[in-house]
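This report looks at a single protein chain and describes how its parts are arranged. Please look over the sequence and the structure before reading on.

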Amino acid sequence: MRRLYIGGHWTASVSGEAIDVVNPATEEIIDRVPAGAPDDVEAAVLAARGAFPSWSATDPAERAKLLSAAAQLIEERADDIARTISTDMGAPIGFARKVQTLMPAGVLASYARLAESHPRESRTGNSLLLKEPVGVVAAITPWNYPLHQIICKVAPALAAGCTVVLKPSEVAPLAAYALADVLHEIGLPPGVFNLVSGRGPVVGEAMAAHPEVDMISFTGSTAAGRRVASLAVETVKRVALELGGKSANIILPDADLGVAVKAGVANCFINAGQTCSAWTRMIVHRDQYDEAVRLSVEAARGYTVGDPFDETTRIGPLVSAAQRDRVVRYVNRGQEEGARLVAGGTDRPHERGYYVEPTVFAGVEPGMTIEQEEIFGPVLSIIPYISEDQAVRIADGTRYGLSGAVWAGTDERAVAVARRLRTGQVMINGGRFNPAAPFGGYKQSGIGRELGEHGLEEYLEVKALQL
């Protein structure tokens, strides 16, 4: 069984209990990690608190040097880490290498640069404004992007001068251990980064409620985010939440329908649909609706479901039996409420593994469960509209506001519609994801932003000196 990483050392959990790590493609146990206890959290927080004064006073250039070395080491180990992620949570190996490993390495490298270049002082009138690290940060991360989501928190926190206690998802924790190995090897000072694996109701809640934690940064479901925030408010700590999404892909009548549909299906099915920002609702003009459905079904049939280590696989297994069962329930609910299943369904495509076929629903109306709730699987809902105003109302008609897309004949027209949407990020005519741009949501999709300078600012306090 693996150990916790606290104060620069690998140590056993006081609980003595373990959590099995299961390969979702084979349903076999591949590893075991400690089921951390509140006393483990106490030790990790005290280590982080003890390391904070010296780390926050470390020259930004030195912090940058260490982060850069970590990014380089992740790149060197990209193949091994990608294999770990594919085995741990089922991402196809090519996707695990490019998006799950090399992209977070790039994000880490970007924070190495920001650690040194981001201005920490400015003036306004007779005041000198200082930006200082928040303090001890507790980071709770999910299983769907098990390295990227960690880097999105740990990298800016360390760059800002904060110390960190990390709780990765117990469902797919192995990438966090790979990162801990990297940070230990590059010589990060003891206590600056600490890893406590375990279950959310035990380890996560102890972190959120701990009075010596200055900030809690959480990524996960909206329901769990509410719980984290309610615990954190008792000690008035800073809270950053990156939560769920039900993002809309609006295709206007003058857009290239074939291109927009193909890209929309791809975005919905990326990472087996286990992406909070996935465009799970395709909103198409009534006159083009039947053709959009036909094109979506055709595209869905091109997504091979299978072994993550087969280079031809486009959709791997869902992360767990529980997640597969959740998606199946939603597919059944969609049919019960009158939506028309035109691709995929609930049949198991393989005898072993937590697989779900890429699924497309037509005849979806605003307000249906599959149109309103985050499914977190490869399930696309296609919704018709008549007017542009109606398309915007449908897009904004959920409790979420994380991401989305608009397609039109010109960028100018697409931007005009995108400006009307209550969501944190909108792709225009297939614009690429930019890891330097702020990522986060409106409404119940969260509080705060990750990535780029905005992500760094989340971990900085502002002090005004009046001269």
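Buried means under 20% relative accessible area, exposed means over 50%, and partly exposed is in between, with a 1.4 Å probe and protein chains only. The model is predicted: local features need pLDDT of at least 70 and side-chain atom pairs count only at pLDDT 80 or more, whereas totals for chains, interfaces and linings use all residues. Residues are numbered from 1 along each chain as its sequence is written, and side-chain values use heavy atoms, with hydrogens and water left out.

Arg413 is placed in helix α14. Helices (H or I, at least four residues) and strands (E, at least two) are DSSP runs, numbered from the N terminus. Leaving aside residues up to four places away in sequence, Arg413 touches Leu252, Pro253, Asp254, Glu388 and Ala408. Contact here means heavy atoms within 4.5 Å. Tyr177 is 236 residues from Arg413 along the chain, and the C-alpha atoms of the two are separated by 46 Å.

## The chain as a whole

The protein chain has 15 helices and 20 strands. Its radius of gyration is 22 Å, close to the 23 Å that the globule rule gives for 467 residues, so the chain is as compact as a globular protein of that length. The radius is taken over C-alpha atoms, and the rule is 2.2 Å times the number of residues to the power 0.38. Along the principal axes, the C-alpha trace spans about 65 × 60 × 40 Å.

Of the 467 residues, 58% count as buried. Among contacts with a separation of 6 or more, 72% are between residues 24 or more positions apart.

In helix α13 (residues 388-395), the buried residues are Ala391, Val392, Ile394 and Ala395. They cover an arc of only 160° around the axis, so they lie on the same side of α13. The arc is that of the directions from the helix axis to the C-beta atoms. An α-helix has 3.6 residues a turn, so residues three or four places apart point the same way.

The buried residues of α13 pack against several elements, including β16 (379-385) and α14 (411-418). Helix α7 (residues 200-209) has Val203, Gly204, Ala206, Met207 and Ala208 as its buried residues. Their cover includes α1 (38-57), β7 (136-140), β8 (163-167), β10 (215-219) and α8 (222-232).

## Aromatic rings

Rings of Phe, Tyr and Trp (its six-membered ring) pair if their centres lie within 6.5 Å; planes under 30 degrees apart count as stacked, over 60 as edge-to-face and the rest as tilted. By this rule the chain has seven aromatic pairs. Two of them are set out here.

| Pair | Centre to centre | Angle of planes | Type |
|---|---|---|---|
| Phe269 and Tyr303 | 5.3 Å | 85° | edge-to-face |
| Phe433 and Phe439 | 6.3 Å | 75° | edge-to-face |

Phe269 in helix α9 (residues 257-269) and Tyr303 in the loop between α10 (289-300) and α11 (321-336) are 34 residues apart, and their pair links distant parts of the chain. Both Phe269 and Tyr303 are buried. Phe439 is buried at 9% relative accessibility, whereas Phe433 is partly exposed at 33%.

Arg314 lies over the face of Tyr303, 3.7 Å from the ring centre. A charge sits over a ring if NZ of Lys or CZ of Arg is within 6 Å of the ring centre and within 35 degrees of the ring normal. Elsewhere, ring pairs link Tyr5, Trp10, Tyr177 and Phe193 into a cluster.
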